[in-house]
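Please open the structure in a viewer and keep the sequence at hand.

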Amino acid sequence: MRNLMHISSFLSGMPRALCGALVGGVIGAATMFVPAPHAHATPLPPNVENGRYLTRAADCEVCHTAEGGTPYAGGRAFSLPGIGVMYAPNITPDKTAGIGAWTDEQFVSAVRKGVSPHGKRLYPAMPYPAYARMSDKDVRDIRAYLATLPPSSQKTPANTIHFPFSIRSLMVFWNMLNGPAASYADDPAQSAEWNRGRYLVEGPGHCGDCHTPRTRTFGLDSSRALGGNIINGWRAYNLTSDRQSGLGAWSDAELAQYLSTGHADGHGTATGDMADVVGHSLRYLSAQDIHAMVVYLRSIPPLHTAEDMLEGTTPPAGDAALPQNTRGARLYASTCAGCHMADGTGRQSSFATITGARSLGADNGRNLVQVLVQGSGMQTATGVQIMPHFVGGGLSDRDLADIASFVMTHFTTATPHNMEQAVQDAKRAN
Amino acid sequence: MLSLNINGQPHQVDVDPDTPLLWVLRDVLGMNATKFGCGIAQCGACTVHMNGRAVRACNLPVGLIGEQPISTLEGVDPTDPVVKAVQAAWIALDVVQCGYCQPGQIMAAIALLRTAPHPTDEQIDSALSANLCRCGTYMRIRAAVHHAAGALA
């Protein structure tokens, strides 16, 4: 098989059709002589459907699409404080602007090793350390699906990365410290579901890229894996099995519902980047795969993090009277109750049911303030669910701070502090 | 084609599931009693009932409704005791000024009185404070809800 790989890299300079025909012929010939027990090592023909599924599981579209732009044509900007701005490239099959001229090996190398054709090192905004967990076969299937997309000639803007981060070869050292893991063999001591769940969570799902804190070299801190992190101003919550600060108190059904729809009653609705993850990726996964992810997440050892704590209290259900004795309460009644009702239940859709949501109080209401300042939208099976932002609509910073304080004290036992500052910080960062 | 149950009648509408119910009511079905105010569920002018609960038609995608029954101001039953009481109270206290928000106010008041037949001031304020009135008839609306509740005793 090693010889075969040499042959295919030698062939990579030839026109694709010819190359495919030759490799196909060689593989056909090889298969005849390979003893049956090793037959599985022969590259299988690409499975476009598996590729489409994994392209969604890996959430390629969200990063490789500019806001309102052509899907997969790139151009979405990622601003990294102190480092610069980088743009996700066009991954449609256009021969010059996209990746149409790449060989499958070059694609696998970019996705799994972070090395693009001609040896250029990718920045880890591309989560190749996680994608390295995927098998070559699955990555080839993704390539086969991407090759079916309409080519887009949209050029990707040049990155503006500051020195010394602009020296791509330095990524070699970063990779030595934090670099791609190998794809893992299934753990025979665990169930097939657990293994599938680990593959989805740690591989294509790259959950740790947001939910795992980073080390001083921006690598993922494996000692606190999935222990919660702040990313783009939002809190990506602790996913470990800790009962108070992680997912330990969620039922399997609630967790599965949240992952597949973006909402679970008693836990609120996904917002921010997580709304994108559900809307573009998780909601397309099969019920078995969602269950497998739940099984795996359940097995993450508990890690307690104070920032993710939420001790909720829930007001009585129904059109309960809202206390109107503070500015925040009166503002909530006129501004928020139209959708979220006095008791925090969604007026017309459960997506607006906020009771029990960690966002309402955890980390001094960080995500609550984020959603007031930025808004949030999520693609669901029944249309886009929108929470508008409330900046510039006649509400002052103090108004937003008072609303946030009221929500925190009315729906949770959190103690808000410096909320006006929190609102100003969130507005500045946005 | 989407199937909707509005005021007890089945309606087939050929619209995108993302279309807000208010658009379907006014533009597709010509039911104009429900008003457009703000379009972002902030003012309550478009209040209708879904399963008897007051909802905002302007940001309710029809794809989300399914088989849940919708009722609008056109469809309220004038022989229903709550509807009769609200209508009589609104006339007795001459609540309406310009009237634009009133379809929403009345639908919100009916929904409240069905769940709380004798609401306190606080319950009325909670249930209706997200229904705005530019003319400022709030005091008359609150008094009329109490008036209607009295008739329901």
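**First stop: a helix in chain B**

Select B:Gly30, which lies just after α1(B) and takes a positive phi of about 65°. Helices here are DSSP runs of H or I with at least four residues, strands are runs of E with at least two, and both are numbered from the N terminus. This is a predicted model, in which local features need pLDDT of at least 70 and side-chain atom pairs count only at pLDDT 80 or more, while totals for chains, interfaces and linings use all residues. Residues are numbered from 1 along each chain as its sequence is written, and chains are lettered from A and ligands numbered from 1 in the order in which they are written.

Next, select helix α1 of chain B, residues 21-28, where B:Leu21, B:Leu22, B:Val24 and B:Leu25 are buried. These residues cover an arc of only 170° around the axis, which puts them on the same side of α1(B); the arc is that of the directions from the helix axis to the C-beta atoms. A residue is buried if 20 or more other C-beta atoms lie within 10 Å of its own, exposed if 12 or fewer, and partly exposed in between, with C-beta atoms placed from the backbone.

**Second stop: a hairpin**

Select β3 (residues 47-50) and β4 (residues 53-56) of chain B, which run antiparallel and are joined by four bridges. Strands pair if DSSP finds at least two bridges between them. B:Thr47 stands opposite B:Arg56 in β4(B). Two residues lie between the strands of this hairpin, in which B:Asn51 takes a positive phi near 55°.

Along the sequence they follow the pattern β-β-α-β-β-β-α-α-α-α. Of the 153 residues of chain B, 46% count as buried. The C-alpha atoms of chain B fill a box of roughly 45 × 30 × 25 Å, taken along the principal axes.

**Last stop: chain A**

Colour chain A by its automatic or database domain assignment: domain 1 (1-43), domain 2 (47-178), domain 3 (192-308) and domain 4 (327-429). The C-alpha centres of domain 2 and domain 4 of chain A lie 35 Å apart.

Finally, select A:Ser299, in the loop between α13 (287-298) and α14 (327-340) of chain A. Is A:Ser299 buried or partly exposed? A:Ser299 is partly exposed, because 13 other C-beta atoms lie within 10 Å.
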